[in-house]
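Here are my notes on this model, as numbered points. Please keep the structure open while you read.

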Amino acid sequence: MSQCDGCAAATTTVVESPGKRGAAAGSTRVAVIGPPNSGKTTLFNRITGLRQKVANFPGVTVEQHTGLAVLPDGREAWIIDLPGVYSLTPRSEDEQIALDVLTGQRGDTPQPQAVLLVLDSTNLARHLMLAAPILALGIPTLIVLNMADDLRKRGGRLDLAALADQLGAPAALISARQGEGLDQVYKFLAGTKPKPAPKELPVLQDVPKCRAWAGRVGHEARYRAPAPPEWTRRLDRLFLHPVAGVLIFAAVVVAVFQTIFNYVAPLMDAVKWTFAVSGNWVASVLPESLFRSLLIDGVWKGVGSVIVFLPQVLMLFLFIGILEDSGYLARAALIADRTMARVGLQGKSFIPLLSAYACAVPAIMSTRTIENKRDRIATILIAPFMTCSARFPVYTLIVLAFVPNRPVLGAFLSTQTVAMLGLYVLGFVVAVLTARALKSSVLRSGRTPFLLEMPSYRWPTLQSLGLRLLDRAGVFLRRAGTVILLVTVILWISAHVPFVDGKPPAIGNSIAGTIGRTIEPIIKPLGFNWKIGIGLITSFAARETIIATLGAIYGMDSPDPQSLDLQKALHQDLAPGGAVALLIFFAFAMQCISTIAVVRRETAGWKWPLLQFTYMSVLAYAGAFAAYHILR
Amino acid sequence: MPLDNYFRPHHTETMLQPSSNNGQPEPLGTLLDLRRGDAAILDRIDLPGEDARRLMELGFLPGTPITAGLSAPGGDPRVFQVDGSEIALRRETARGVKVRLHHPPRHP
């Protein structure tokens, strides 16, 4: 094998690397890379199991999944799952990260000493194109040909030894789903790992030459492509049928919506109950003190009000996991694409936006399935306009208090139902208009074409679904335990100081009350008094908190939206125009610390959450102002 | 065979090879002219360099056979079978992919 200057230089950097950083880790560092849909993550899950952690690469929106693999001889290997890429030409953030990690150019991630290159053996010729740039790096590489079971079943075959010979690197034919052939992967991880010595490599920048090279290698390895996936073709004739396909799509949408909205309610009640009971127990054990109040009313209730959404988060990700792993999500995106394109978005934005009706937090977390960064950010920015379940109790309270219950269409519709529906439509319309404005200005993505690969249908595995849920639950709970905890404590303190005669003041005289009075001139034009002002401030922890706050101001113990006393008290404090203004304010404002925190995490910076918060606040203020003045 | 210039950028014009008609003129159309089940040979990609490269990495290379598959309701986007995979393209992208048709376009 003859070498050029460029790759000789690349090779030298590899040789010196197992030094300092490797000694610190004390184990081999191995990267898993492969094209999308090659089963790369399935292999990663197989060999690392529960010993995984997920973080963001600093400064970018790409998630970093790392895990430990325990080798048969007891040693450990540190595995990093790189994003799925078709090439190493750095155009997207994903490809940049993959290239930088593999060449050791990221300070936060030491360069791997070996690579597991995962390719789909049922589509080997095309997938081999990625082997060229990977082998050119000079890092010891195992060519992992995945989906061996599919290849066999559909009558494909290849000569593994001949392939390894051509590529100058060991090769393994495995099925990560079935756990077949993993011993070869472990053998490679535990072994000496020679540097690759391919017989020939193409010019990497020339895609047709790379493809021709891949074809030659496949030919030398006597690769026979398998028959087309018969079941996938059959299922697609159903799922992409002009009539049946649309009906199935609608059924899936309704099922997702129903489940996260209605059927999870008992689970959420159970979580709520657990927090209430455990809170009461702790309260009964501790002596009466300010600390007890902070713990119970601040921490317990505050964190509890966020964790109550955990069942919704888990259920949504279970659904998305099944849809994505089975291959249906790509078809759903295809069906929804035309509609979403009208507002400048794409098919993959559909499921996150639907989920946002339950809660914007998991919805924003689920935008990771959208590869196009601009589409993803646009989806994140409009998701909080969808009427989430935290707005529901607030809407209920105000609508019950201010809208007289009269029939509109016989027994089917009442004025109150119409008002509620109107609020849902309002959020949706503003989301659509915002998406259009964004996509025709700052987030215009005119040039990036919409390319969607349709993977073959497969049964989702329990392990993959389970790990996915665990992963998302971890991300969600970590935030509840940090940002949300901090904010609830701050809010509690602001409602309990300064002391009067050694005791916490009435809420109207507390710091929160003072702030409420201070902002009264600002919110007066919206028809709100200082009491509503305090409610608005506390509702930034979570929207429905305003109910508890108003209850506390009016001196009630456990207020709920159905409470007649609370409705009456509110009716005295708020003019009808002010009530409409308050509804509109809640429809538009981003009063949710959790959402701000998740947007910051997912967009890797403060720019987008700040822009979003400002935009939504301005819109909320202007909308409420207009409503109050028109209806006064 | 020598390994040349791994990480040095190459010019992209080599990728957009013109069709080699060899005196047997076949009618040239775009992917939009294909109905479900129709097959054609890719001739060239009339799209900006980056987009063309993305398509090529997915198997849309000059000389490759392409078969039109199913589509979303309304016909857009449509799935194309190419190089062992099924890739969905929107109309605006499919329009930029020029193909040599085995049969003249059926649309009026």
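1. Start with A:P504. This is a predicted model, and in it A:P504 has 17 other C-beta atoms within 10 Å. A residue counts as buried at 20 or more and as exposed at 12 or fewer, so A:P504 is partly exposed.

2. Where does A:P504 sit? Its place is the loop between helix 22 (462-496) and helix 23 (511-518) of chain A. Leaving aside residues up to four places away in sequence, A:P504 touches A:H496 and A:F499.

3. A:P35 lies 469 residues from A:P504 along the chain. The C-alpha atoms of the two prolines are separated by 60 Å.

4. Now the sheet. Chain A has an open sheet of seven strands, in the order 2-3-4-1-5-6-7, with mixed pairing. Strand 2 (52-56) and strand 7 (171-173) of chain A each have a single partner strand, so one side of each has no neighbour in the sheet. On average, neighbouring strands are turned by 25 degrees against each other, direction ignored.

5. Look at one pair within the sheet. Strand 5 (residues 114-120) and strand 6 (residues 141-146) of chain A run parallel and are joined by six bridges. A:L116 has A:L142, in strand 6 of chain A, as its bridge partner.

6. Which helix packs on the sheet? Helix 9 (residues 182-190) of chain A does, touching strand 1 (28-33), strand 3 (63-70), strand 4 (76-81), strand 5, strand 6 and strand 7 of chain A. The direction of helix 9 makes about 170 degrees with that of strand 6 of chain A.

Terms used:
Residues are numbered from 1 along each chain as its sequence is written. Chains are lettered from A and ligands numbered from 1 in the order in which they are written. This is a predicted model: local features need pLDDT of at least 70, side-chain atom pairs count only at pLDDT 80 or more; totals for chains, interfaces and linings use all residues. Two strands pair if DSSP finds at least two bridges between them. Helices (H or I, at least four residues) and strands (E, at least two) are DSSP runs, numbered from the N terminus. Axes are lines fitted to C-alpha atoms, for helices over the stretch in contact, and angles run from 0 to 180 degrees between N-to-C directions. Two residues are in contact if their C-beta atoms, placed from the backbone, lie within 7 Å.
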